[in-house]
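Q: I have a structure open and want to learn how to read its features. Can we go through them one by one?

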Amino acid sequence: MINKIVNSIAESLADVKDGATVLVGGFGGAGMPNELIDGLIAQGARDLTIVNNNAGNGEIGLAALLKAGQVRKLICSFPRQADSHVFDGLYRAGKVELELVPQGNLAERMRAAGAGIGAFFCPTAYGTDLAKGKETRIINGKPYVLEFPIHGDVALVKAEVGDRWGNLTYRKAARNFGPVIAAAAKCTIAQVYSTVELGGLDPENIITPGIYVQRVVKVARSDTKTLKEAA
Amino acid sequence: MSADVLNKPQGAKAWKPRSRDAIAARVALDIPEGAYVNLGIGLPTLVANHLPPGKEIFLHSENGILGMGPAPAKGEEDWDLINAGKQPVTLLAGGAYFHHADSFAMMRGGHLDICVLGAFQVSEKGDLANWHTGAPDAIPAVGGAMDLAVGAKKVFVMMEHLTKSGESKFVAECSYPLTGVGVVSRVYTDLATIDITPGGFAVVDMVEGMSLAELTSLTGLPLKKA
């Protein structure tokens with residue numbers, strides 16, 4: 001019998017290694033796997049490369065991981081926000097490296113990783129500073145920039161419901177990067193608010209099929225986490 | 001000359017700039033029913049408040065929403081349902097959720113009819129600079145701006161005509177880092193609506209009382225009537 005449901009956050013993250021590339025779902029607070037990130041802080045892996053759209057908000061989640069000094073490099077599209085002071089301070093002090101990536105490239109580079117694509121030509125950023133030094137090509141009269149996939153060692157996904165085969169559904173716009181990063185990492189860990197028996201999810205509506213998911217861990221729904229402090 | 005004009009103190013302007021809401025309302029006039037539209041964060045977000053209620057227009061949000069509706073009533077916020085600016089929104093009946101790679105395929109694949117973006121500068125060739133001032137101590141952030149700039153069929157820019165220190169944001173060449181090359185279709189400002197054409201800037205309309213000569217002088221570059 002295959003059972004991908006593990007009993008605790010700690011168990012789900014036990015083998016994350018120093019130097020790992022960790023893909024983290026979420027856009028602002030929506031879809032941010034805060035319980036898994038707290039677990040990664042407790043687990044203590046260091047020298048991490050973190051991939052997320054943002055650079056953490058306030059003092060929780062990614063911001064707390066940054067503050068704990070576990071992040072060597074951040075790959076993201078929009079680090080600057082009203083409450084991104086933890087990242088701002090570390091970046092200005094030269095304590096964290098930033099690779100700034102247009103948001104569509106961030107998504108597509110991880111999609112490409114999950115789909116086995118070696119590289120792709122893309123029109124975004126052509127002629128801008130973010131394409132400096134990159135190979136370009138004119139295809140059918142239009143300029144493109146060569147972009148390479150972003151593979152993860154680990155992906156941390158916040159989903160809504162899961163089953164023991166790792167099938168997942170999401171809630172509203174908290175889906176965002178979840179299905180993309182699930183396919184792009186060697187080990188995808190999904191936190192869910194509830195688990196169901198096999199067959200309990202409508203197969204027409206499974207968003208991430210279990211082939212992309214290695215571990216599922218149930219967390220308690222905390223109202224505060226869906227409220228503004230997490231946004 | 002009318003008494004009204006004669007009575008004005010010397011140097012007084014015969015025109016009043018459009019308010020931010022008036023610029024947004026002007027943009028909304030150019031969005032047809034059935035259009036798939038992405039409104040950038042900041043000033044462009046205001047356009048949503050001016051879309052005519054009788055028209056069905058599909059708002060796209062980069063974080064995976066089509067058919068985005070207005071802000072919820074106080075107390076009804078759902079933080080799993082936010083817009084690109086991370087503010088709570090609603091979903092219209094018929095709306096849909098999808099993941100990020102699909103959302104950006106909608107942009108980059110040319111499926112969006114219009115995007116509305118803010119800008120620091122727009123050049124005569126339609127180059128757009130809106131993501132970074134280039135200041136060495138500034139933390140750069142690009143988000144989805146470069147994807148929208150190359151992907152939407154029409155890129156509308158909404159901005160103040162002049163900087164706070166009175167310099168024109170219309171330039172021969174952008175001095176700020178570029179967001180996209182030759183991407184802008186039309187610019188809406190507090191003074192005028194201006195098309196980017198192969199022959200340069202073409203004025204579609206101006207605020208009441210503005211002359212082409214005065215607008216040209218403020219803009220600092222040649223303007224023609226569209």
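Q: How do I read a strand pairing, and which residue is the bridge partner of Val161(A) in E11(A)?
A: Look for bridges between two strands, then for their direction. This is a predicted model. In E11(A), Thr169(A) is the bridge partner of Val161(A). Two bridges join strand E10 (residues 161-163) of chain A to E11(A), and the two run antiparallel.

Q: Now hairpins. How many residues lie between E2(B) and E3(B), and which residue there takes a positive phi?
A: Check the link between the strands, then its backbone angles. Three residues lie between E2(B) and E3(B), and Gly64(B) has a positive phi near 105°. Strand E2 (residues 58-61) and strand E3 (residues 65-69) of chain B run antiparallel, joined by two bridges. One pair to find is Ser61(B) with its bridge partner Ile65(B) in E3(B).

Q: Which strand do four bridges join to E3(B)?
A: Follow the bridges onward. Four of them join E3(B) to strand E4 (residues 90-97) of chain B, again antiparallel. Gly69(B) stands opposite Thr90(B) in E4(B).

Q: How do I read the sides of a helix? Which residues of H4 in chain A are buried?
A: List the buried residues, then see where they point. In helix H4 (residues 85-92) of chain A, the buried residues include Val86(A), Phe87(A), Leu90(A) and Tyr91(A). Their arc around the axis is only 125°, so they lie on the same side of H4(A). The cover over the buried residues of H4(A) includes helix H3 (62-67) and strand E5 (97-100) of chain A. After H4(A) comes Gly94(A), with a positive phi near 75°.

Q: And a nonpolar core? Which residues touch the most other members of the largest one?
A: The largest nonpolar core has 131 residues. Ala155(A), Ile181(A), Ala184(A) and Val157(B) touch the most other members. Setting aside residues up to four places away in sequence, Ile181(A) touches Leu23(A), Gly25(A), Met110(A), Gly152(A), Ala155(A) and Val157(A).

Q: Where is Lys224(B) found, and which residues does Lys224(B) touch?
A: Lys224(B) is in strand E13 (residues 223-225) of chain B. Not counting residues up to four places away in sequence, Lys224(B) touches Gly199(B), Gly200(B) and Ala202(B). Lys224(B) counts as partly exposed because 13 C-beta neighbours lie inside 10 Å.

Q: Last, the whole chain. What radius of gyration does chain B have?
A: Compare the value with a globule rule. Chain B has 19 Å; a compact globule of 226 residues would have a value near 17 Å, and the two agree. Chain B has five helices and 13 strands. Buried residues make up 44% of its 226 residues.

Terms used:
Residues numbered from 1 in each chain as written. Chains lettered and ligands numbered in written order. Predicted model: local features only at pLDDT ≥ 70, side-chain atom pairs only at ≥ 80, totals over all residues. Pairing = 2+ DSSP bridges. Core = buried A, V, L, I, M, F, W, Y, C linked by C-beta atoms within 7 Å. Buried ≥ 20, exposed ≤ 12 C-beta atoms within 10 Å, placed from the backbone. Contact = placed C-beta atoms within 7 Å. Arc of directions from axis to C-beta. Rg over C-alpha atoms; globule rule 2.2 N^0.38 Å.
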